[in-house]
Amino acid sequence: MTAKDKLPRSLADDSAPRFNARESWRIFGIMAEFVEATERLSSIRPAVSIFGSARTPADHMYYMLAEKIARQLSDAGFAVISGGGPGIMEAANKGAYFGKSPSVGLNIQLPMEQGSNPYQDISQTFQHFFARKFMFVKFAAAYVVMPGGFGTLDELLEAMTLIQTRKSRQMPIILVHSPFWKGLMDWIRDRLVAERMINPEDVDLVQVIDKPEEVVEAIFKHYEKRGFAPLPAEHEMMLNL
C-alpha cells in the first residue's frame, strides 16, 4: 500500500486545494496579532509576567497577595504583565496600575469567564492562546506564578519547558504560596526526578517564595551582575521561540 492509498481522497488528489480560503486568510489574522502586540509592547521592558486564577475573589488572600506583589514590582521599576481578566489577573493589574510602572493586560477572547478588568495602562486582546502566551514569554524578565488552575499550570509548564530546552533565556520562575505548590513540587521530585523524566537540576528552574518583598529581591538578585535587557545571544534565541 502506498502513501497515496492511505491518505483521504481529498488529500491524495493533487487537484484538490490543501486549504480553503477561510483557513488561508486566518493565517493573516494570526500574523496581525503578533505584529500588533509586538509593536505595542516593545517599550515596556523590564517586565514581569504574573499568572494566576481567574476565579479568585477580591477578598481572598491570594488576590491581596498578588496585588501587593504587583505593586512592589511596579514601584521597583517593572512593568507588570497579566492576563487582563478577573481574579488574580485583576489583582496583578490593579497593584501595578496604582504603582509607578505600566500595568499591561493581555486579554483573551473566551466564551466564558474572561472579561477585561479596568486596571490596565496597556490593553491588548488576542483570539489565539498561543499568540498571547508568546507575548508573556517574549517581554518577561521573570515569571511570578500565583495559585491557579489549568491555564496557570499551562503557562507555568510552558515557561519551564522553554527554559529547560534553552529555547528561552534563563530567568526566575517564582511560585508564590508554598502550601499551594508543595504537592506539585513533591511530585516533581518523587516522580519526574526519581523516574529520570527530568534531571535533578531541572527542579532548580523554580523557586517557591511566600513574601512579596522576597519575590522582588529574588528577581534583582538574578540580574545583579547583568542588565535586564536580553543579551545579544539571548535576543537571537528569542527570535527562534
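Biologist: Which residue stands opposite leucine 106?

Modeller: In this predicted model, leucine 106 faces glutamine 124, which belongs to β4.

Biologist: How many bridges join β3 to β4, and do the two run parallel or antiparallel?

Modeller: Strand β3, residues 103-108, is joined to β4 by five bridges, and the two run parallel.

Biologist: What is the strand order in the sheet?

Modeller: The order is β4-β3-β2-β1-β5-β6-β7, which makes an open sheet of seven strands with parallel pairing. At the edges stand β4 (122-126) and β7; each has a single partner strand, so one side of each is left without a neighbour in the sheet. On average, neighbouring strands of this sheet are turned by 20° against each other, direction ignored.

Biologist: Turning to charges, how many salt bridges does the structure hold?

Modeller: There are seven salt bridges in the structure. One of them pairs the side chains of arginine 71 and aspartate 75, with 3.0 Å from N to O.

Biologist: Where do arginine 71 and aspartate 75 sit relative to each other?

Modeller: Both belong to helix α4, residues 61-75, and because they are four residues apart there, about one helical turn separates them. Arginine 71 is partly exposed at 36% relative accessible area, and aspartate 75 is also partly exposed, at 34%.

Biologist: Which aspartate does lysine 133 meet in a salt bridge?

Modeller: Lysine 133 meets aspartate 154, with an N to O distance of 2.9 Å. This pair links distant parts of the chain, since lysine 133 is in helix α6 (residues 129-138) and aspartate 154 is in helix α7 (residues 150-164), 21 residues apart.

Biologist: Is lysine 133 buried or exposed?

Modeller: Lysine 133 is buried, with a relative accessible area of 14%, which means that it falls under the 20% limit for that class. Aspartate 154, at 37%, counts as partly exposed.

Biologist: What about arginine 191, and which residue is its salt-bridge partner?

Modeller: The partner of arginine 191 is glutamate 195, at 3.3 Å from N to O between the side chains. Arginine 191 has a relative accessible area of 46% and is partly exposed; glutamate 195, at 44%, is partly exposed too.

Biologist: Now the backbone: which residues does the cis peptide bond join?

Modeller: The cis bond joins arginine 45 and proline 46, with omega at about -5°. Proline 46 lies in the loop between α3 and β1 (47-51). For context, most peptide bonds are trans, and most residues other than glycine have a negative phi.

Biologist: What is the phi of histidine 177?

Modeller: Histidine 177 has a positive phi of about 85°, although it is not a glycine. Its place is the loop between β6 (173-176) and α8 (178-193), and at 15% relative accessibility histidine 177 counts as buried.

Biologist: And arginine 196, where is it found?

Modeller: Arginine 196 is found in the loop between α8 and β7 (206-209). Phi of arginine 196 is positive as well, near 60°, and this residue is exposed, with a relative accessible area of 77%.

Biologist: Last topic: which residues make the nonpolar surface patch?

Modeller: Trp25, Ile27, Phe28 and Met31 make a patch of about 490 Å². Tryptophan 25 is in helix α3, residues 21-41, and it is exposed, with a relative accessible area of 62%.

Notes:
Residues numbered from 1 in each chain as written. Predicted model: local features only at pLDDT ≥ 70, side-chain atom pairs only at ≥ 80, totals over all residues. Heavy atoms only, no water. Patch = residues over 30% accessible without salt bridge, like charges linked within 9 Å, V, L, I, M, F, W, Y side chains within 5 Å. Areas by Shrake-Rupley, 256 points an atom, 1.4 Å probe, with all protein chains shown as cover. Salt bridge = Lys/Arg side-chain N within 4 Å of Asp/Glu carboxyl O. Buried < 20%, exposed > 50% of the residue type's maximum accessible area, 1.4 Å probe, protein only. Pairing = 2+ DSSP bridges. Axes fitted to C-alpha atoms, helices over the stretch in contact; angles between N-to-C directions.
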